[in-house]
Amino acid sequence: TSAAMAVVCGRGLLARLGGRLRAGPRTPLRSAAAAAPLYDVVVSGGGMVGSAMAAVLGHDIHFHDKKIALLEAGPRKEYDRMPDRYSNRVSSISPGSATLLSSVGAWEHVCNLRLKPFRRMQVWDACSEAMIVFEKDDLDDMGYIVENDVIMSALTKQLDAVADRVQVFYGSRAVGYTWPLPSHSCDTSPWVQIELADGRRLQTKLLIGADGHNSVVRKEAEIKNIEHRYDQSAVVATLYLSEATDNNVAWQRFLPTGPIALLPLSDTASSLVWSTSHEHASELLTMDEESFVDSINSAFWSNINHSDFIDTAGAMFRSALSLLRPSGSAVRQLPPSIAKAEPGSRATFPLGMGHATEYVQHRLALVGDAAHRVHPLAGQGVNLGFGDIACLAHHLSTAAFNGSDLGSLKHLLKFETERQRHNVSLIAAIDVLKRLYSTKLAPLVLLRTWGLQATNALPPVKVRI
Amino acid sequence: LFRLPVKRLFSTLHSSVDSTEMKKFQLLAQKWWDEEGEYSALHSMNGIRVPFIRDTLLNMSSNYHLGSPLSGVKILDVGCGGGLLSEPLGRLGASVTGIDPLEDNIRTADQHKSFDPVLARRIQYKSSSLEEIVEESVETFDVIVASEVVEHVADLELFIKCCSQVLK
């Protein structure tokens, strides 16, 4: 990843020198392209990030007279009320992301459907007593656990609200993109050409790729992607607690095989995200429910990975810390125990990390997982995407109010610089944490134990996280 | 200001157009729209001059059309070159007439706007000097913009007099 960061920083220097010309199909003669409808912005990919991107632009006053299109391969997703069973795909939504959703009127719908605020995060190691607790001093919500379907439904409603500006194409997959030259000449169209699976064509002044970590937009633009498959899969499931409780804490324990997390859904239910080896993930998926529940409880409660050496070293360090900062450690709470799992809610998917070396080219911007993919251990994935949206929308709004060509690299590069600066260190940190916690080797356990204890005791560092 | 009879203004001795300057721009007529080429400074300047023009006009009027701040405003862009300033003003909703004495510049400008139906509608380009326009356009425009132009003009006083005639 340090190599990755070096590549990213170096790339920035080349960019201004016209290093962004692509190979690939050229735009057709004007006569051929003339028939295809022309949009100001096309967002390719109607997941949470793509839909939010289209909604934010659609609600922007400087886009009042603009034409936006959203392309989504799947069907329309909208619920008036949620089914009784929780979906097994949930996201941890940060307060910043909630603000973004609120700005387009979507957060209100989320609150009316369902969500679970949490006040506290407890993160601890399986190999030692080290623990870190995050909570806000003012007892505000730290974040919200929301089913992905709820977010989609809320965004769909708010896209409907701006249907005069934003046209959503459901069941529409883009199969080909044709790129223009930066300073066009003669009769070639200056716009990006998009071909859909059903043969329809669109043209756009700016294409936003929000089509996930296997982004077709990114591949067709020949943007280099630094990617790495982790030797882990995530197992998700909906679980029921042994007893009802004020379920407002998010729990995460780092096992040598990977982190296991319990995210609160209600006072009686939580969502599981267990990152572990591929073999173990398959076992967890196929074992009977009782064994599955036992595995989960054992993962959270067992001290089998402790060693006396580490425990003693950890205790010594804690005493040393308490001399320096008497108030330095918080009370350790106990995670809930699980009684049963929702039938049919177990699923697994492979994990990886990815980062695009460029987020933008002439008339193109990538947002969300198309630009960066992270391990779920930090609950950051979709929040990074919402952060991308806030930044890109800000620059596009200014550009629109300045009468600029929306596809111009001038403001797109500003978006890229801002977001890469923010994202690269976070992505690298998450990757390092993943690797650091994937071992039982004493020196590394000691390092992370002391590191975690120190971080827990030092307010300035904790606040920044 | 008293009005000069229009025909007397048009003479090669007393013209606002400078022929040596024209030759210089002839060579660069194709380069207008390369954002990193010879005209990159003008492209960068749009970041300052367009908000300046926009905000000045917004302060003068009380109408505001959402998404189209210059809607209803008639602008004459004198010495429009390849249309670098006309296009942003057109995007903001203004009806723009861009004039430039060099035909190649007008050709470049026309060709560039032609791909965008909104701009094609809102902007008209004419190969003409200011004096020629005066004849047909007395008191037609709300605003005249002559950006990075007056330093290339031969007879400045004449230029200003013509400007005042086409303004409402």
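In which helix of chain B is B:R122 found? In this predicted model, B:R122 belongs to helix 6 of chain B, which covers residues 117-122. Leaving aside neighbours within four places in sequence, the contacts of B:R122 are B:S68, B:G90, B:R91, B:G93, B:A94, B:S95 and B:V96. A polar atom of the B:R122 side chain lies 2.7 Å from the backbone oxygen of B:G90. B:E148 was also compared with B:R122. The two residues are 26 residues apart along the chain, and their C-alpha atoms are separated by 22 Å.

Chain B contains an open sheet of four strands. The strand order is 3-2-1-4, and the pairing is parallel. Strand 3 (123-127) and strand 4 (143-145) of chain B are the edge strands. Each of them pairs on one side only. Neighbouring strands are turned by 20° against each other on average, with direction ignored. Strand 1 (residues 74-78) and strand 2 (residues 95-100) of chain B are joined in the parallel sense by five bridges. Within this pair, B:L76 has B:T97 of strand 2 as its bridge partner. A helix accompanies the sheet. Helix 5 of chain B lies across strand 2 and strand 3 of chain B. Its direction makes an angle of about 160° with strand 3 of chain B.

Chain A was examined next. An open sheet of three strands is present in chain A, with the order 3-7-4 and antiparallel pairing. Strand 3 (90-93) and strand 4 (116-118) of chain A stand at the edges. Each has a single partner strand, so one side of each is left without a neighbour in the sheet. The twist from one strand to the next averages 25°. Strand 4 and strand 7 (residues 143-147) of chain A run antiparallel and are joined by three bridges. Here A:F118 has A:G143 of strand 7 as its bridge partner. Helix 6 (residues 148-160) of chain A lies across strand 3 and strand 7 of chain A. This helix runs at about 85° to strand 7 of chain A.

The two chains also meet. In all, 24 residues of chain B are in contact with 27 residues of chain A. The size of an interface is often given as the accessible area lost when the parts come together. Between chain B and chain A, the buried area is about 1900 Å². Carbon and sulfur atoms give 49% of that area. On the chain B side, B:L66, B:R91 and B:F115 lose the most area to chain A. Together these residues account for 32% of what that side buries.

Polar and charged pairs were then considered. Across the interface of chain B and chain A, eight residue pairs are in polar contact, with both residues at pLDDT 80 or more. One salt bridge is found across the interface. B:D116 forms a salt bridge with A:K205, and the closest N and O atoms are 2.9 Å apart. Helix 3 (40-60), helix 4 (86-91) and helix 5 (103-113) of chain B each supply at least two residues of the side that touches chain A. Helix 3 of chain B gives the most to this side, with six residues. By class, the side of chain B that touches chain A has eleven nonpolar, seven polar and six charged residues.

Methods:
Residues numbered from 1 in each chain as written. Chains lettered and ligands numbered in written order. Predicted model: local features only at pLDDT ≥ 70, side-chain atom pairs only at ≥ 80, totals over all residues. Heavy atoms only, no water. Pairing = 2+ DSSP bridges. Axes fitted to C-alpha atoms, helices over the stretch in contact; angles between N-to-C directions. Contact = heavy atoms within 4.5 Å. Buried area = accessible area lost by both parts, 1.4 Å probe. Salt bridge = Lys/Arg side-chain N within 4 Å of Asp/Glu carboxyl O. Polar contact = N/O pair within 3.5 Å; in protein donor to acceptor, adjacent residues only side chain to side chain. Nonpolar A, V, L, I, M, F, W, Y, C, P; charged D, E, K, R; others polar.
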